[in-house]
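Trainee: I have just opened this one and would like someone to walk me through it. Could we go through it together, one topic at a time?

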Amino acid sequence: MEKKGRMKRPLRVKIISMGNAEAGKSCIIKRYCEKRFVSKYLATIGIDYGVTKVNIRDRDIKVNIFDMAGHPIFYEVRNEFYRDSQGALLVFDVGDRVSFESLESWVQEMQTEVGDRSECDNIVVCVCANKIDQKPRAVDEAEGRIWADSHGFHYFETSAQTGEGINDMFQALFEGVVTTVENGGKKAPFQTQLGYTKEQIEVIQRLKNSKSDYERLGLVPGASKDDVNKAYRRLAVLLHPDKNVAPGSEEAFKLLVSARTALLKRCS
């Protein structure tokens, strides 16, 4: 009779949350742990602490979550909680561009407070593009994915209100942490699956947000027909729907064609 395999001992892990105030960090955590959404905003004062238990790959995990206040005045409180973290939520509000542009400073703060570069590099980070249920958006999904990918972070579109993306995000976070622990503290290599570049995203955004056809093609008023065609060909290579799978590429390509047609009529 075969002996039963030994049960793996329970694993304790430490997760932190980072991001500007009002990005929805606490709501994401409550949605996952308590299966509810708190509609009234209550700012986290310093640090909020919670514990939950999960089972990943037949292993019991006790998760200690440190929800860190996002307001700058709480820096002296939260800076003590970075060390020994194995996973992190990095949250921004898709309707608040400042919260997205602040992600870089949050990463820098984490690197500074952890101190050990190797330890910091092995923290599993999930970027949460939160509040996707609300409109309008100030940050496109493609832009968020490009940023996360460039840092070797996972990326999820989430809504604490509806619950969309929350379970998948936490599952990926816990899976990543367990893999890191079982790999002697070394995070698994990050595999990108985007299929598009930062340059392509920047061109798409410029075409969508520009206020004139000259601006869309990166030209100045009075540009020659040859200038228009050269600019068009360069952008068409980046944007053609057969070669670009980035979100918004088809719409951007149509705007490019329209801008070229309009400018050529002015040159004739």
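This is a predicted model: local features need pLDDT of at least 70, side-chain atom pairs count only at pLDDT 80 or more; totals for chains, interfaces and linings use all residues.

Trainee: What span should the 17 residues of α7 have, and how far apart are its end C-alpha atoms?

Mentor: At 1.5 Å a residue, α7 should span 24 Å, and its end C-alpha atoms are 24 Å apart, which agrees.

Trainee: Which residues of α7 are buried?

Mentor: The buried residues of α7 are Ile 166, Met 169, Phe 170, Leu 173, Phe 174, Gly 176, Val 177, Val 178 and Thr 180.

Trainee: And how many residues are in the largest nonpolar core?

Mentor: That core has 27 residues, and those with the most contacts inside it are Ile 28 and Phe 170. At least two residues each come from β1, α1, β2, β3, β4, β5 and α7, with α7 giving the largest share, seven residues.

Trainee: What is Phe 170 in contact with, leaving aside its neighbours within four places in sequence?

Mentor: Phe 170 is then in contact with Ile 28, Ile 29, Tyr 32 and Leu 89. Apart from this core lies another one, of 26 residues, among them Ala 88, Val 114, Trp 147 and Ala 148.

Trainee: Changing topic, how many salt bridges are there?

Mentor: The count comes to 16 salt bridges. One of them joins the side chains of Arg 97 and Glu 101, at 3.2 Å from N to O, and both residues lie in helix α3, four residues apart, about one turn of the helix.

Trainee: Is Glu 101 buried or exposed?

Mentor: Glu 101 is exposed, with a relative accessible area of 52%, whereas Arg 97 is partly exposed at 30%.

Trainee: Which residue forms a salt bridge with Arg 137?

Mentor: Glu 157 does, with the closest N and O atoms 2.7 Å apart. Glu 157 lies in strand β6 and Arg 137 in the loop between β5 and α6, so the pair ties together parts that are 20 residues apart in sequence. Glu 157 counts as buried, at 15% relative accessibility, while Arg 137 counts as partly exposed, at 26%.

Trainee: What about Asp 140 and Lys 208, where do they lie?

Mentor: Their side chains meet in a salt bridge of 3.5 Å, N to O. Because Asp 140 lies in the loop between β5 and α6 and Lys 208 in helix α8, this pair ties together parts that are 68 residues apart in sequence. Finally, salt bridges that share partners join Arg 57, Arg 59, Glu 175 and Glu 182 into one network.

Technical notes
Residues are numbered from 1 along each chain as its sequence is written. Side-chain values use heavy atoms; hydrogens and water are left out. A nonpolar core is a set of buried Ala, Val, Leu, Ile, Met, Phe, Trp, Tyr and Cys residues joined through side-chain atoms within 4.5 Å. Buried means under 20% relative accessible area, exposed over 50%, partly exposed in between (1.4 Å probe, protein chains only). Contact means heavy atoms within 4.5 Å. The expected span of a helix is 1.5 Å times one less than its number of residues. A salt bridge is a side-chain nitrogen of Lys or Arg within 4 Å of a carboxyl oxygen of Asp or Glu.
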